[in-house]
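Trainee: I have a new structure open and would like to be walked through it. Could we look at it together?

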Amino acid sequence: MRELDWSGSFNPSIGVESAPRVKAVVLTADSETVVLVKIDAIFPYEAMTLDIAEALGPEYRGKVLVSASHTHSGWAQYTGHTGYQVGAGVLRDKVYKAYIDTSVDVVQKALAARRSAKLGMHVDFDFDPNDQVNRDRRSENDMLPGGDRD
């Protein structure tokens, strides 16, 4: 078996390699607008919601929702939550600001690209009347409340 000397060969990640990936959907009904932002990261950080809304303007306060894809290969070091910093690293303002700036830019483009649309929903209550498609076929949780229902 070949032996390699790995000692001192690891270089930790430093700096920023690429821009964060962000998607946004803007929904407006009458005079109310809601902004949905999805970041490509392991988890969202609550302060992002507030900072994105503040950057967009006072009419967006309480109207911004941030979600994450839960990727384990996305950026980190953007949270001030000490519990999350165990896995994501200590907050780096450069990373956090890049997420906020990119998110605001993407939202502003989504706001400018709005167009009329109709949203609706459909429910088929007879889709699976015998509960054959969407049922729990495992027995491991049968001892839990409701777990023994097929």
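Mentor: We shall go from the whole chain to single elements and residues.

Trainee: What kind of model is this, and how are residues numbered?

Mentor: This is a predicted model, in which local features need pLDDT of at least 70, side-chain atom pairs count only at pLDDT 80 or more, and totals for chains, interfaces and linings use all residues. Residues are numbered from 1 along each chain as its sequence is written, and side-chain values use heavy atoms, with hydrogens and water left out.

Trainee: How many helices and strands are there?

Mentor: The chain has 3 helices and 3 strands; helices (H or I, at least four residues) and strands (E, at least two) are DSSP runs, numbered from the N terminus. Their order from the N terminus is β-β-α-β-α-α.

Trainee: What share of the residues is buried?

Mentor: Of the 150 residues, 23% count as buried. Buried means under 20% relative accessible area, exposed over 50%, and partly exposed in between (1.4 Å probe, protein chains only).

Trainee: How do the strands pair?

Mentor: Two strands pair if DSSP finds at least two bridges between them. E1 and E2 run antiparallel and are joined by 8 bridges, while E2 and E3 (residues 64-68) run parallel with 5 bridges.

Trainee: Which residues are partners there?

Mentor: Lysine 23 has lysine 38 in E2 as its bridge partner, and leucine 36 stands opposite leucine 65 in E3.

Trainee: And what about the turn between E1 and E2?

Mentor: That hairpin has 2 residues between the strands, and aspartate 30 takes a positive phi near 55°.

Trainee: Which residues of E2 lie on its covered face?

Mentor: Thr33, Val35, Val37 and Ile39 form the covered face, whereas Glu32, Val34, Leu36 and Lys38 form the uncovered one. In a regular strand the side chains alternate between the two faces of the sheet.

Trainee: Let us take threonine 33. Is it buried or exposed?

Mentor: Threonine 33 is buried, because its relative accessible area is 14%.

Trainee: What does its side chain make a polar contact with?

Mentor: The side chain of threonine 33 makes a polar contact with that of threonine 28, at 2.9 Å. A polar contact is a pair of N or O atoms within 3.5 Å; within protein, one must be able to donate a hydrogen and the other to accept it, and residues adjacent in sequence count only if both atoms are side-chain atoms.

Trainee: What else does threonine 33 touch?

Mentor: Leaving aside residues up to four places away in sequence, threonine 33 touches residues including Tyr60, Lys63, Leu111 and Arg114. Contact means heavy atoms within 4.5 Å.

Trainee: Where is lysine 63?

Mentor: Lysine 63 is in the loop between H1 and E3. This lysine 63 counts as partly exposed because its relative accessibility is 23%.

Trainee: Changing topic, which residues of H3 are buried?

Mentor: In H3 (residues 93-112), the buried residues are Val95, Tyr96, Tyr99, Ile100, Ser103, Val104, Val107, Ala110 and Leu111. Seen down the axis of H3, they fall within an arc of 165°, so they line one face of the helix; the arc is that of the directions from the helix axis to the C-beta atoms.

Trainee: What do they pack against?

Mentor: The buried residues of H3 pack against strand E1 (22-29), E2 and helix H1 (46-56). On the other side of H3, Lys94, Lys109 and Ala112 are exposed.

Definitions and conventions
The expected span of a helix is 1.5 Å times one less than its number of residues.
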